[in-house]
Amino acid sequence: MVASRRSKRSAGASEETDLRPVIRDLVALSSLQAIWSRADARQIADGLGQLCVSMLDAEFACVTLRDPAVDVVHFHDRNAQRTLAPGQLARDIPGNVAMAIEVPGFGPVRAISTPIGAESGSALISCSSRPNFPTETER
């Protein structure tokens, strides 16, 4: 499910060209209810992490749920042998704020945390090495 890295916009590319992948992603998002209708919390968190890595062109994404307790991490590089504590990231990054952080074993990244679910402490955290992450569109 993880897509290849998006190419940089060429000098002559139009806004319409930029919007095509966004529209494709929105269509894919609209089908999630059917896909996840029989899934458990871990499967949904796993799929959500994969989607964020793919759609946001992120280095990695973490999904932390408090009830039921679920922590998953997806790296863009599937061969990456990294250990990461997503629960710690959820506690360290305030909701709906983009910020630069240092991730042990990974280095400096830009991160955004989005609260999810009804439980306090549940979050979707996306991290990228791009200096402009997240763009206004990605928020």
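Colleague: Hello! How many bridges join strand 1 to strand 5?

Modeller: The two strands run antiparallel, and Val63 stands opposite Leu124 in strand 5. Strands pair if DSSP finds at least two bridges between them; strands (E, at least two residues) and helices (H or I, at least four) are DSSP runs, numbered from the N terminus. For strand 1 and strand 5 the number of bridges is five.

Colleague: What kind of model is this?

Modeller: Residues are numbered from 1 along each chain as its sequence is written, and side-chain values use heavy atoms, leaving out hydrogens and water. Local features need pLDDT of at least 70, side-chain atom pairs count only at pLDDT 80 or more, and totals for chains, interfaces and linings use all residues, as the model is predicted.

Colleague: How many residues of strand 5 are buried?

Modeller: Buried means under 20% relative accessible area, exposed over 50%, and partly exposed in between, with a 1.4 Å probe and protein chains only. In a regular strand, side chains alternate between the two faces of the sheet. Here Ala123, Ile125 and Cys127 on one side are buried, as are Leu124, Ser126 and Ser128 on the other. The count of buried residues in strand 5 is therefore six of six.

Colleague: How far apart are the end C-alpha atoms of helix 3?

Modeller: The expected span of a helix is 1.5 Å times one less than its number of residues. Helix 3 has 16 residues (41-56), so it should span 22 Å. The distance in the model agrees: 22 Å.

Colleague: Which strands do the buried residues of helix 3 pack against?

Modeller: Those buried residues include Leu51, Cys52 and Val53. A contact means heavy atoms within 4.5 Å. Besides helix 1 and helix 2, the partners are strand 1, strand 2 and strand 5.
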